Amino acid sequence: MPGKTKVMKKPVRTLADQSYLLEVVKGLGTTLKHFFQGTGQMVSGNVPDAVKYPLAEGIATISYPEEKRPYAERWRGVHRLTHRDDGSPRCVACLCCSTACPAQCIYIKPGEYPEGDKRRGYERYPVEFVIDELRCIFCGFCVEACPCDAIRMDTGTHMTAFDEKSAFIYDKDKLMSIVSQHGTQKSENPRHEPGEATHPGIDRLRGGH
Amino acid sequence: MLFWISTTLKVLVAIGFLAQVAAILLWVERKQSAMMQNRIGPNRATIKIGRFEIRAAGLVHSIADGIKMVWKADWEPTGGDHLLYRLAPIIAIVPALCLCAVIPFGPTVFIDHARDLYDPAWATDAAVAARSVPLQIANLDVGVLFVFAVAGAGVIGAALAGWSSDNKFSLMGGLRAASQMVSYEVAMGISLVGAMMIYQTVRLDEMVTWQMQNCWGIFVQPVAFVLFCTAAIAETKRVPFDTPEGESELVAGYFTEYAGLKMAMFASGEFVEVCVSSALITTIFLGGWQFPFVQLTGFEFHYFGINISWHWAHFIVVLVSFLSFCLKCVFLIFMQLQVRWTLPRFRYDQIMKLGWRMLLPAALLNVLVTGTVLLFLNSPGAH
Ligand code: SF4
Ligand code: SF4
């Protein structure tokens, strides 16, 4: 069945439109209406809560640092490095994030765990983990790339405007100190340490190393 | 003696007022536009005295701006004409200040008879008239013509600023300002001819008197009122007629190269012009200082067979008149700001077309119609 065709009518310009004067008066009417509405709200203190009712009539300003618009769960804020149960970073220094980063703003110096650590031989750990937040374009690719859920952007925080560039270079300690929107330093995905029964991979005990 | 004291006082009050007007209008403009656009507007500037914080609904921002302007680097372009460059802001603001000299903001005050009922004989009595103070700084015989001459001088400031800045954007802005202001002055002048024909005078105080005795100019010259308002807004070079500044194509037009206080002079000059043009429109079309149905003797209503006379002492009439003048000016300033935040900017060629092809012919037609009607009314057979 052929679809219905809707013929758009060309807008007609009447003499009244052309003379402009009438339209000026109409426009003034609209702006005056808003002016008196806004002034009335300000004077009577009846300003709608723009955070809760963003579409309410009238003043829609959110006084930013004091009032904040809630962000969606998946909104990408400043990065954080998630913790394991023992407080060490979940990051295994695989360099996936720094490879994926289009802005090339992640620097990781990987290191081996010391002899005797049960993670030695399975994974490495970041000796240094630096993100240049000034270069970052907040694309979230690093979060997508991470196989360990070690880097997340669920902090719900903006990048702060610092006075000097060096303040934007976030190092490992800084990144690990940042908490998520819900105040946790962990990730919701459980972490399975090598040697635990839940560990999915081959390990020394089960795989015959 | 009285003349000199009163004139000095009037000049000081007028200049003092106009010097403040920019700061106040800056606040009004910011707040008004904020309300129109469902915003709060600037309100963060704070004066802290101990535990007290004064924000004054954003008025402190004007003070902060003033302080900022003073402390800005007074940068000057290395090329260009230095003398003209420094002169231009002064030339731009002085004519606007001069204009307020001829605007009557109240009836003549007879000092010795402040508590008496007005008597027309006072004006003719030499002894009484000698001790009277007209509420107008300079009562010139040429009145409106002086207004045009001085307002025309304002264009020189903008043109010189554009020329002396040694910058192409400035030059373009200066050229646009010059051609726009000259074009609209023509329409502005001719739109008033009809009013002058009816009032039979070019003196501003006599225009007000005529309107008090007959009716407001807006009712006898509605077309001229619209034309004059349009041309007056164009003369202030503000949106929708701000192509001389044209941020989108000319950076800041003729004052691109100005910084600090010189830039502030241009900016406040604009506000002074808004204020003065409002006063002018009030005087010529809205009855000046006259409050509806208030004559020099008090409240007089003699229409539809109803006769109400409520006599007031002279000083009350003066007070009411002065307040009514202020009220009308405030209303017109408000409307001008409203227009500025409502209409989008015209293109440059549209401005020129509007000026020469619409306003000018309409103004000429207005003169023709007014003249014809007056001729019929005044011809011997008409009565
Ligand atoms: S958000 Fe994008 S740009 Fe920023 S660090 Fe991650 S991958 Fe790099
Ligand atoms: S992708 Fe994850 S585990 Fe790998 S280096 Fe980056 S943060 Fe560490």
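These notebook entries record what I looked up in a predicted model.

**Conventions.** I number residues from 1 along each chain as its sequence is written, letter chains from A and number ligands from 1 in the order in which they are written. Local features need pLDDT of at least 70, side-chain atom pairs count only at pLDDT 80 or more, totals for chains, interfaces and linings use all residues, and side-chain values use heavy atoms, with hydrogens and water left out.

**Interface of chains A and B.** I found 21 residues of chain A in contact (heavy atoms within 4.5 Å) with 16 residues of chain B. I noted a buried area (accessible area, 1.4 Å probe, that two parts lose on being put together, summed over both) of about 1,600 Å², with 70% from carbon and sulfur atoms. On the side of chain A, Tyr20(A), Leu28(A) and Phe35(A) lose the most area to chain B, together 30% of what that side buries.

I then looked up salt bridges (a side-chain nitrogen of Lys or Arg within 4 Å of a carboxyl oxygen of Asp or Glu). The rule finds one across this interface; the side chains of Glu66(A) and Arg44(B) meet in a salt bridge at 3.0 Å, N to O.

**Asp154(A).** I located this residue in the loop between strand S4 (151-152) and strand S5 (169-170) of chain A; strands are DSSP runs (E, at least two residues), numbered from the N terminus. Not counting residues up to four places away in sequence, Asp154(A) touches Arg80(A), Ser180(A) and Gln181(A).

Conventions. Helix = DSSP H or I, 4+ residues; strand = E, 2+ residues; numbered from the N terminus.
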